[in-house]
Structure formats: C-alpha cells, structure tokens
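Reader: Hey, I'm new to this one. Can you walk me through it?

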Amino acid sequence: NGMLTLRDVHFAYADGTPALQGVSLDIPRGGKTAIVGANGAGKSTLFLTLNGTLRPSQGEIKLDGRLMTYGRRDLEQWRRQVGLVFQDPDVQLFSASVEQDISFGPLNMGLTEDEVRRRVEEALIATGTEPLRNRPVHALSYGQKKRVSIAGVYAMQPDVMVLDEPLAWLDPAGQQEILALLAQLHRAGTTLVMAVHQMDVVADWADMVIVLQAGQVIYQGAPQGVLAQQ
Ligand code: ADP
Ligand code: ADP
C-alpha cells in the first residue's frame, strides 16, 4: 500500500491536450522512485497532480490511505506532506535573500518564529547553502539556485519530496552534489520521487522506476526491469 496512490487518473489542459490518460501508481513510503519519460510524456503534469495543484478530471488519489477530496483542509494537509521542487528554480525563488526565501514556506505554514528560525538553520546546513544565506537569489549560480530551491521545500519538512528533473542543466559535479544532498535527505527519512533522464542515475539511485509514455504508465517496478529493455 503506497503512501501516495493514484488510480485511473486523467488530466487534460484547458486547450484539450490530454496530459494524463489513466495513470495508476503507488509511491512507497521511504522509497526512492525515479520517474522516466520523454519530453511531453506527462511528468510535470503528474508532479503538479501529486501535490494537489492540479485536480484530475477523473480518477482518485489517496494520501496515506485517505481519499483526497480537494477541500481546503485536505489541501492544507496535503501541501505539508508533499513538497514539490520545480525544474526551473527561478519559478520558486523570489525573495531578497537566500535566508528569506527558505523562510517563506515555513512562515506560510503559520509556525512560530522560533520554529521557523530552527527549520531555516537546519535547511541551510543540510543543503550546504549556509554560506549563501545573505546573498540575493538572483546573483546565485544555477546550481546554487537549485540547492536553495530544495532547501526551501526541505524547511517545510514534507514526508515526500517530489523533484522535477533536479539534475537538468547541471554539470557532472553539480549533479553529484545534488545526488549527495538527496541521499542525505533520504537518510533523514524523506520519501523521494524524482524525474530523471540519465539511465545510469536510475540504476544507481532508484529502488523503483515508473515509466510514463504519452500520459500513461507503461512500467512500474524495479530498475532492472527497465534497464534490461534498453
Ligand atoms: P513532461 O514534463 O514529461 O515534459 P508535461 O507534463 O509538461 O510533460 O506535458 C504533458 C503534455 O501536456 C504535453 O503534450 C504538453 O505539451 C502538454 N502541456 C503541458 N503543459 C501544458 C499547458 N499549460 N497547456 C496545454 N498543454 C500543456
Ligand atoms: P522541458 O524539459 O520541461 O520540456 P525545457 O527543456 O524547455 O522544458 O526547459 C526547462 C526549463 O529549463 C525552462 O524553464 C528553462 O527556463 C530552463 N532552461 C532551459 N535551458 C537552460 C539553460 N541552458 N540553463 C539554465 N536553464 C535553462
């Protein structure tokens, strides 16, 4: 029984483009799940669905066995449990300083000032962004922005972190840094779901792979099953 369970989920954009066409999948608690698929396969749409931003036109989503009904309280709880890191960090970062940006999520959750401070410190240290804390976000390198965007979600302490191609546009050293950071977050108990293109990363990193093609799941299972078909 997955932590996040989708059953026959459909979603079409306003212009009629069908992005998800009967997706069923299980995200196991404590797992490292890789989502694989060509551009346009539906990965980003799936991620926005996983954190409640997009509402399916058909099908159901359960979080810890609870059917999501898209009520206000449902959504509030959902966003605390499932954190989304966008592919493009510029979508997520907008504050004057790194520290302010990381504070934004926890402040929004209505936590006390002390608790916000505690979480921000933790996130700065866990993600190696502490030395950048007073820097303006727009002056950071792309890799640094990636770290800060992960730190902002980490500070909300979600049970599941969903990352849309966190390795995209990074050089090999930058990719290794992000993978090391994710390993650390996983050890700390975070369930991870990430979209990734590189099959060697899938082999080394994931314990479960979901392959999307044209809005449908064509494989869910162990990485070996996908790699054998390459
Ligand atoms: P991926 O993340 O795997 O590249 P997406 O979820 O972005 O895939 O896209 C799935 C499908 O939905 C594609 O056909 C894409 O062109 C379409 N799509 C994505 N965003 C929109 C949008 N805002 N309006 C209309 N169609 C969209
Ligand atoms: P997708 O992979 O979802 O089809 P794109 O490949 O068009 O989308 O771009 C994904 C995001 O990466 C975009 O928001 C874009 O701003 C950003 N991006 C594209 N090229 C670069 C680059 N060379 N350096 C940094 N960011 C880039």
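Predicted model: local features only at pLDDT ≥ 70, side-chain atom pairs only at ≥ 80, totals over all residues.

Reader: Where in the protein chain is confidence lowest, and where is it highest?
Author: Lowest is helix α8 (residues 223-227), with a mean of 88, and highest is strand β1 (residues 4-12), at 98. Those scores are pLDDT, the predictor's confidence in each residue, from 0 to 100. Helices (H or I, at least four residues) and strands (E, at least two) are DSSP runs, numbered from the N terminus.

Reader: And what does the protein chain average?
Author: Its average pLDDT is 94, and 99% of the residues score at least 70. For the complex, the predictor gives an ipTM of 0.76 and a pTM of 0.88.

Reader: OK, ligands. Which residues are around ligand 1?
Author: Among them are Tyr 13, Asp 15, Thr 17, Asn 39, Gly 40, Ala 41, Lys 43 and Thr 45. To be listed, a residue needs a heavy atom within 4 Å of the ligand. Helix α1 (residues 43-50) gives the largest share of that shell, three residues.

Reader: What about ligand 2, which residues are around that?
Author: Asn 39, Gln 87, Asp 88, Tyr 142 and Trp 169. A polar side-chain atom of Asp 88 sits 3.1 Å from an oxygen atom of ligand 2, and one of Trp 169 is 3.0 Å from an oxygen atom of that ligand. On its own ligand 2 exposes 570 Å², and the protein buries 44% of that.

Reader: Switching topic: which residues of α3 are buried?
Author: In helix α3 (residues 98-108), they're Val 98, Asp 101, Ile 102, Ser 103, Gly 105 and Pro 106. Buried means under 20% relative accessible area, exposed over 50%, and partly exposed in between (1.4 Å probe, protein chains only).

Reader: What covers them?
Author: The cover includes α4 (113-126) and α5 (142-154). Just after α3, Gly 110 has a positive phi of about 75°.

Reader: Which residues have a positive phi although they're not glycines?
Author: Asp 8 is one, at about 50°, and Tyr 70 is another, at about 70°. Asp 8 is in strand β1, while Tyr 70 is in the loop between β5 and α2.

Reader: Is Tyr 70 buried or exposed?
Author: Tyr 70 counts as buried because its relative accessibility is 16%. Asp 8, at 34%, counts as partly exposed.

Reader: And where's Gly 71?
Author: Gly 71 lies in the loop between β5 (66-67) and α2 (72-81). At 28% relative accessibility, Gly 71 counts as partly exposed. Its C-alpha atom is 14 Å from that of Glu 60, 11 residues apart along the chain.

Notes. Residues numbered from 1 in each chain as written. Chains lettered and ligands numbered in written order. Heavy atoms only, no water. Polar contact = N/O pair within 3.5 Å; in protein donor to acceptor, adjacent residues only side chain to side chain. Areas by Shrake-Rupley, 256 points an atom, 1.4 Å probe, with all protein chains shown as cover. Contact = heavy atoms within 4.5 Å.
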